[in-house]
Amino acid sequence: MLEVRDLTKRFGGFTAVSGVSFDLAEGEILGLIGPNGSGKSTTFNCLSGLYLPTSGNVRFQGRDIAGWSSSRVCHAGIARTFQIPRPFKNLTILENVAVSAYYGRARSVSRREAFVHAEEALAMVRLPVDPTLGIGGLGAAGLKKLELARALATGPKLLLADESLGGLDESEMDQAADMLQAIRRDKGITIIWVEHIMGVLMRVVDRVMVLDHGEVIASGTPAEVAAHPKVIEVYLGSDPTARQHAQA
Ligand SMILES: Nc1ncnc2c1ncn2[C@@H]1O[C@H](COP(=O)(O)OP(=O)(O)O)[C@@H](O)[C@H]1O
Ligand SMILES: [Mg+2]
């Protein structure tokens with residue numbers, strides 16, 4: 001479904017993503033992990049059209065999409081969430097999601113259809129569909145769900161979830177993991193899930209790719225990656241608690 005070759009993104013003299021290559025099969029959940037600043041969000045920004053890659057190729061379902069605008073990428077079937085949710089503050093929860101459906105789908109939809117898609121997306125993430133509810137009452141976990149609903153309302157084939165579940169408690173993190181699993185199972189959506197902590201991600205993903213300083217240092221099954229010496233050294237350090245946590 002997705003072929004990424006030698007993806008590189010420089011900001012001036014600084015290389016944030018350096019020669020990243022990977023393939024993604026339809027229906028897979030790939031975990032993309034790495035310490036803060038390792039280039040995960042920048043990779044998403046290059047795949048989703050927010051940034052123009054400095055070099056490299058991105059092929060999605062047989063088409064070269066590197067350099068496409070983010071709206072064109074979205075219409076082609078790739079939706080992404082942002083690590084820091086920025087909803088429209090003056091719109092209701094339902095309206096926030098309807099805007100995505102209205103502008104983000106491959107086929108243009110009526111206002112009424114946009115609201116139907118929004119209701120479906122909200123049901124998927126288990127947020128209330130009540131049209132009177134504003135976003136004021138949503139906490140950190142609720143805003144993450146809203147972000148996910150906005151992406152889902154565009155009807156993606158590939159979801160780039162910049163989850164980074166920091167700020168959520170353990171049960172909320174588990175819920176988020178279950179939700180991504182259900183999205184794949186029920187909707188057949190392929191997923192790349194970005195996260196900086198390994199724990200909860202490891203039980204959901206089929207494969208993991210680890211970035212450090214913009215480079216892929218390991219990839220494989222969760223078990224392979226958790227045991228990889230480079231990952232243990234660079235990512236987990238020598239902290240035995242972190243290691244246990246990652247392998248749990
Ligand atoms: N727009 C930008 N301009 C300059 N540097 C950036 C920009 N975006 C990201 N960076 C830098 O690139 C590196 C990777 O950032 P990022 O992809 O956000 O990391 P991650 O998501 O893995 O925490 C960081 O050092 C960050 O400061
Ligand atoms: Mg990030």
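This is a predicted model: local features need pLDDT of at least 70, side-chain atom pairs count only at pLDDT 80 or more; totals for chains, interfaces and linings use all residues.
A side-chain contact involves Tyr51. An N or O atom in the Tyr51 side chain is 3.1 Å from a nitrogen atom of the ligand. On its own, ligand 1 has 560 Å² of accessible area, and the protein covers 63% of this.

The shell around ligand 1 includes Phe11, Phe14 and Ala16. It also takes in Pro35, Asn36, Gly37, Ser38 and Gly39. Lys40, Ser41, Thr42 and Tyr51 complete the set. By class, the shell residues divide into 5 nonpolar, 6 polar and 1 charged. Both β2 and α1 supply at least two residues each. The largest contribution comes from α1, with 3 residues.

The strands form an open sheet. Its 4 strands follow the order β2-β1-β4-β5, and their pairing is antiparallel. The edges are β2 (14-24) and β5 (63-64), each pairing on one side only. Helix α1 (residues 40-47) packs on this sheet and touches β1, β2 and β4 (55-60). The direction of α1 makes about 115 degrees with that of β1.

Strand β1 (residues 2-11) runs antiparallel to β2, and 7 bridges join the two. One bridge pairs Leu2 with Leu24 of β2. Edge strand β2 thus links the two parts of the description: β2 pairs with β1 and supplies residues to the ligand shell.

Conventions: Residues are numbered from 1 along each chain as its sequence is written. Chains are lettered from A and ligands numbered from 1 in the order in which they are written. Side-chain values use heavy atoms; hydrogens and water are left out. Two strands pair if DSSP finds at least two bridges between them. Contact means heavy atoms within 4.5 Å. Axes are lines fitted to C-alpha atoms, for helices over the stretch in contact, and angles run from 0 to 180 degrees between N-to-C directions. A residue is near a molecule or strand if one of its heavy atoms lies within 4 Å of it. A polar contact is a pair of N or O atoms within 3.5 Å; within protein, one must be able to donate a hydrogen and the other to accept it, and residues adjacent in sequence count only if both atoms are side-chain atoms. Accessible areas come from the Shrake-Rupley method with a 1.4 Å probe; for residues, only the protein chains shown count as cover. Ala, Val, Leu, Ile, Met, Phe, Trp, Tyr, Cys and Pro count as nonpolar, Asp, Glu, Lys and Arg as charged, and the others, Gly among them, as polar.
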